[in-house]
Amino acid sequence: MAVLSDTNLFSPLTVTPSPDVVALKLKQVAEKSAPASGESGLLRKVREQMENKKREVGSGSAKKKKEGCERGNSATVMASPNVYIVKAPSNESPSGSGQLVVTAANHSMSLKSKACATSKQRGQISRDYEQEFPSVEVGPQLVRRGSKDRPATLHRQDVDSKGYWENLVQETDPSRQQKKLINYNDIIHQIKSNITAFQAQLTGVGVVKVQQIELLLKVLHNLVLTPDLETSHRISCELQLPQVLFEMIRDSVSNSDLIKEQRNVLTLGEMITFILIYWESHSDWVEEEPRLEEFTKPLKMILSQPNLTALASLAASVLSLFTQHGVDVFVDLENLTSLLKMHPSALLLRPPADGLYSFLSITLFIFTKDPYSCIPLFSDKKSKCVYTLCWLLSNNCLHLLARCPSGSADMELSRDTLSTLSCHLLCFPFALDLPSHTMSTVLQVYDSCHVASSLLQVIQTFPPPLLEMPLSLLSRLLLCDPEHSVSHVREGASGFFSSPQSNQLFASKNQTPLTRTASTLLSDLLQQDVLWDSAVELLNLLSQVARCSSQLGSHPICVEATVLQQALTHPYDQMRAATCRFVGNLKPFRSNKTGTLQADVFRHMIDCLNDSCRQVRRTACIAVGNWLGYVAAKFKKGGNCSDTSGWGNKNNYSKQAPSNTEAAGDSVTEQMFDEDEQRRWTDDAQRSAAVLTCLLSDPDAVTRRHCCAALGNLVNVDGVVSMLDEDVYSSLVRAACTDSNDAVRQAATAALRLCREQDAMQRGIK
């Protein structure tokens with residue numbers, strides 16, 4: 001049975017479409033196959049619905065038309081952000097990305113204006129969604145929020161960049177603050193944010209960004225140095241300086257992983273350096289701060305951490321400032337002494353002259369409280385303490401002051417203060433009553449480190465006001481260890497003990513500018529009363545060198561006779577006594593090309609026998625007695641006697657016989673007496689006899705004893721014994737028999753014995 005179709009039934013599969021339907025379908029296919037224009041499906045659907053509605057005639061009520069428009073507007077607003085959030089490829093140039101940002105910003109502004117215009121005409125779907133999910137922003141609110149967040153994100157990225165902080169360092173430079181207006185509010189806000197983030201990183205939140213903190217510290221340094229005190233105070237208050245830096249130091253020291261890297265240690269040093277700079281100009285911050293003792297704890301931890309040794313000097317600087325404000329700082333002595341045992345390079349982070357000075361100051365303070373605790377540092381041959389202190393005396397430490405301009409006053413002051421403090425520490429063993437074997441070990445360590453030659457270098461180069469301590473210490477070394485110390489002094493003298501004329505010759509031969517000699521230095525020290533004690537120490541040093549030189553056969557010391565005469569008539573008692581002691585260790589009758597004035601110096605020494613000061617009379621008796629012995633020896637040789645003392649004058653009345661000996665440019669000769677000169681020396685010897693006889697009744701027993709010894713040398717001078725008064729012999733007999741002091745009686749007896757021998761000799765000759 002066949003089934004036939006009903007010809008009256010409509011079927012779209014069998015009916016041929018009309019030309020209009022075919023055209024519409026082709027149009028739809030063309031639209032779907034066309035390239036994507038970036039338009040979303042939702043937006044396209046809305047657009048098609050709007051076009052279809054326009055084609056329909058009388059297609060619905062006004063209410064449906066209004067709702068269709070609302071859906072179209074809402075869809076447009078929702079779809080628009082997706083177009084401008086696309087990120088630019090990484091290989092695009094910065095200018096391209098900048099254009100993209102500008103386009104996005106401009107379009108977001110236009111969307112914002114459209115959203116404001118249609119905010120009162122929002123669709124039902126948007127209103128229902130907002131009521132169901134109030135925490136999620138939709139529609140125009142999303143557009144407004146997005147337009148605000150994007151610039152903020154870009155600004156945040158700019159602030160975190162290295163270039164931003166480098167520019168800020170330049171802009172906040174105090175020298176440029178008058179040229180460009182600075183927005184301190186924004187800078188303070190950014191510094192606060194970065195410090196907070198850094199503190200969080202130190203406690204384990206995120207990666208520690210040390211490089212950014214380095215630039216931040218430079219900005220802080222510029223801000224606190226601004227000449228505007230009001231601005232500086234405001235910055236300090238808002239940033240809570242320097243308390244926040246102490247907290248950062250505390251957290252950094254506590255972070256064991258952080259301080260393992262050398263760069264992080266350097267950054268930690270910059271924090272401490274900033275505190276020192278800040279404290280210098282804002283010292284009043286401590287007045288109302290209750291946590292001062294707490295702030296010292298991380299600094300004391302630095303002294304105890306081996307990997308933070310390079311920061312010890314800086315930490316000591318801050319600790320010393322705390323002590324100046326009445327804060328008790330308790331430091332483990334073992335930690336402190338262990339630092340001194342290290343090589344000096346271990347204490348140096350960069351040129352920290354001030355920090356090293358503070359570190360040594362604290363050490364000196366602790367040693368003062370417990371002096372004997374420092375002895376192992378100076379007696380242990382493995383310790384580097386003496387080596388470090390000696391190194392600070394030399395020119396090798398000048399690179400510490402590389403940040404100071406060459407030849408500047410700050411550079412000289414820093415080096416001088418370090419060396420002076422080193423001298424104080426090196427003096428400690430000599431201020432204590434040590435066993436002989438311990439002192440012997442200390443002297444051996446000092447000898448191995450060449451302390452004597454380093455001290456002489458200081459004496460030759462440092463300003464006169466800073467020389468008292470080095471002069472005193474070198475004198476003590478010569479007294480305790482003359483054999484080794486004199487050899488080091490002679491090696492490093494560089495013409496210091498020569499005459500000014502021969503020193504110029506020495507400088508020309510060695511091409512070394514030498515301007516200071518013992519003679520010129522003594523002359524300078526005599527000019528100012530504040531330097532008189534230093535002049536006394538110099539004379540004591542010269543006395544020790546002269547005494548050791550005569551014993552070891554070393555070259556003589558040359559001091560101008562005019563300078564010695566000035567010192568012998570000086571109003572300061574200690575000056576006259578020290579000069580007599582020095583001259584007493586010299587040998588007269590040495591001449592050079594400039595002549596001599598020994599006789600005038602001898603007359604001034606005789607005048608000192610009547611000095612009102614007991615110490616001056618004592619040393620004058622010794623000096624006159626020594627010179628009388630040289631005069632007697634000279635006369636016995638017939639007026640031909642070489643000697644090893646030295647001073648010069650332009651006038652020379654003595655006959656000279658050349659010698660082959662030279663000392664630092666001085667041509668040493670033998671001085672020949674003529675009859676007139678011999679008569680002058682004889683007259684001076686007789687004058688001294690009268691004064692020495694009077695001193696036999698001096699209340700000081702030491703003076704009387706030295707006087708007897710001087711008279712014993714006097715009787716050996718040819719032509720003097722026969723002219724001596726009976727008072728001289730009777731005074732010696734009285735002293736030998738009745739003096740209350742046994743040493744005086746023995747000295748007087750010895751002098752009488754010499755007188756009798758000399759008298760018998762004279763009678764035998766006759």
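Is Tyr164 buried or exposed, judged by its relative accessibility? Tyr164 has a relative accessibility of 14% and therefore counts as buried, where buried means under 20% relative accessible area, exposed over 50% and partly exposed in between, for a 1.4 Å probe and protein chains only.

The structure is a predicted model, in which local features need pLDDT of at least 70 and side-chain atom pairs count only at pLDDT 80 or more, while totals for chains, interfaces and linings use all residues. Residues are numbered from 1 along each chain as its sequence is written, and side-chain values use heavy atoms, with hydrogens and water left out.

**Aromatic residues**

Rings of Phe, Tyr and Trp (its six-membered ring) pair if their centres lie within 6.5 Å; planes under 30 degrees apart count as stacked, over 60 as edge-to-face and the rest as tilted. By this rule there are 15 aromatic pairs. Tyr164 and Trp165 form an edge-to-face pair, because their ring centres are 5.5 Å apart and their planes stand at 90°. Trp165 is buried, with a relative accessible area of 0%. Trp627 and Trp681 form a tilted pair, with 6.4 Å from centre to centre and 35° between the planes. Trp627 belongs to helix α31 (residues 614-636) and Trp681 to helix α32 (residues 675-695), so this pair ties together parts that are 54 residues apart in sequence. Both Trp627 and Trp681 are buried. Helices (H or I, at least four residues) and strands (E, at least two) are DSSP runs, numbered from the N terminus.

One aromatic cluster consists of Phe246, Trp279, Trp285, Phe295 and Phe322. Elsewhere, the charged end of Lys384 sits over the ring of Tyr387, 5.7 Å from its centre; the rule asks for NZ of Lys or CZ of Arg within 6 Å of the ring centre and within 35 degrees of the ring normal.

Helix α10 (residues 210-224) is largely enclosed by the rest of the structure, because eleven of its 15 residues are buried. Among them are Val210, Gln212, Asn222 and Val224.

The loop between α11 (229-239) and α12 (243-254) holds Pro242, and the peptide bond from Leu241 to Pro242 is cis, with omega near -5°. Gln240 lies in the loop between α11 and α12, and His450 in the loop between α21 and α22. Neither residue is a glycine, yet phi is positive in Gln240 and in His450. Their values are set out below.

| Residue | Phi | Relative accessible area |
|---|---|---|
| Gln240 | about 60° | 52%, exposed |
| His450 | near 60° | 38%, partly exposed |

**Cavities**

On a 1 Å grid over the protein atoms alone, a cavity is a set of points where a 1.4 Å probe fits but cannot get out, and lining residues have an atom within 4 Å of a point. A search of the whole structure finds three cavities of 30 Å³ or more, and the largest cavity contains about 60 Å³ of space. Its lining is formed by Leu443, Tyr446, Asp447, Val451, Ala452, Leu477, Asp481, Ser485 and His488. Two or more lining residues come from each of α21 (436-448), α22 (451-461) and α24 (482-491), and α21 gives the most, with three residues. The lining of the largest cavity divides into five nonpolar, two polar and two charged residues, where Ala, Val, Leu, Ile, Met, Phe, Trp, Tyr, Cys and Pro count as nonpolar, Asp, Glu, Lys and Arg as charged, and the others, Gly among them, as polar.

Definitions and conventions: On a 1 Å grid over the protein atoms alone, a cavity is a set of points where a 1.4 Å probe fits but cannot get out, and a pocket is an open set with protein on both sides within 12 Å along at least five of seven lines; lining residues have an atom within 4 Å of a point. Grid points are joined across faces, edges and corners, and a volume is the space filled by probe spheres set on the points.
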